Amino acid sequence: MKTAFRTPLHALLLLSGLAASTLLQAADAPGGKLVVYTSQAPEIAQQTIDAFKAAYPAVEVEWTRNGTTQLMNVLRTEMMSGQVKPDVLLVADAINLGALKKEGQLYSYPAAPVSHLKPAYYDVDKTFFGTKIIATVIAYNTQRAKPVSSWKALAVEENRGQIAVPSPPLFRCGAL
């Protein structure tokens, strides 16, 4: 392990603001290097890292930003080579986190401080945790399409070839 954190997930909790608010005594403060892969926008990623560094100044943070698909491709390649670099994976796609969990690639953090969170915002086994809510909406051209009231309503034959989705994994997981 590269850092003084108990698990990479513990570091994720600290980054996402889910950890306890009190700082450790200076003598007990974590040190070392923390490697983060994130799909956050660069300015938000920098804010996240800055907030972490303010709480844990002895930890050197190295971060890489790219889209979730690109980061997952890099991570998968690293996993195949046995040279996984990130301690923390901060991406917007829970589908990928679920797949990593199923493959046994994530640590569980049973003692995670989640009493203030709704259970829907974190994995039941506490292997990954939501950091923000991203709204996904249905938008349509009022000149060419009829409104729908659900995602399932989009799956009718008359809509075949007329729908665009920004995240292809939604189709693979059966969400559409």
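**A walk through the predicted fold**

The protein has five helices and three strands, where helices (H or I, at least four residues) and strands (E, at least two) are DSSP runs numbered from the N terminus. This is a predicted model, so local features need pLDDT of at least 70 and side-chain atom pairs count only at pLDDT 80 or more, while totals for chains, interfaces and linings use all residues. Residues are numbered from 1 along each chain as its sequence is written, and side-chain values use heavy atoms, with hydrogens and water left out.

Start at the N terminus and the elements run α-β-α-β-α-β-α-α. Of the 176 residues, 31% count as buried; buried means under 20% relative accessible area, exposed over 50%, and partly exposed in between (1.4 Å probe, protein chains only). The accessible surface comes to about 11,400 Å², and 55% of that belongs to carbon and sulfur atoms; such areas come from the Shrake-Rupley method with a 1.4 Å probe, and for residues only the protein chains shown count as cover. As for contacts (heavy atoms within 4.5 Å), among those between residues at least 6 apart in sequence, 63% join residues at least 24 apart.

Now for the inside. The largest nonpolar core has 10 residues: Val35, Tyr37, Leu71, Met72, Leu75, Leu89, Val91, Leu97, Leu100 and Phe128. A nonpolar core here is a set of buried Ala, Val, Leu, Ile, Met, Phe, Trp, Tyr and Cys residues joined through side-chain atoms within 4.5 Å. Take Leu75 as a way in: leaving aside residues up to four places away in sequence, Leu75 touches Val84, Pro86, Leu89 and Leu100.

With 14 residues, H2 reaches 20 Å from its first C-alpha to its last, close to the 20 Å expected at 1.5 Å a residue (the expected span is 1.5 Å times one less than the number of residues). Ala45, Thr48, Ile49 and Phe52 are buried in H2. They cover an arc of only 95° around the axis, so they sit on the same side of H2; the arc is that of the directions from the helix axis to the C-beta atoms. On the other side of H2, Glu43, Gln47 and Ala54 are exposed.

Next, the loop between H4 and H5. Glu103 lies in this loop and counts as partly exposed because its relative accessibility is 39%. Not counting residues up to four places away in sequence, Glu103 touches Arg76 and Met79. With Arg76 there is also a side-chain to side-chain polar contact of 2.5 Å, a polar contact being a pair of N or O atoms within 3.5 Å; within protein, one must be able to donate a hydrogen and the other to accept it, and residues adjacent in sequence count only if both atoms are side-chain atoms.

Further along the loop between helix H4 (94-102) and helix H5 (169-172) is Pro119, exposed because its relative accessibility is 59%. Thr127, also in the loop between H4 and H5, is buried at 8%, and its side chain makes a 2.6 Å polar contact with that of Asp123. Lys126 is buried too, with a relative accessible area of 18%. Most residues other than glycine have a negative phi, yet phi of Lys126 is near 55°, a positive value.
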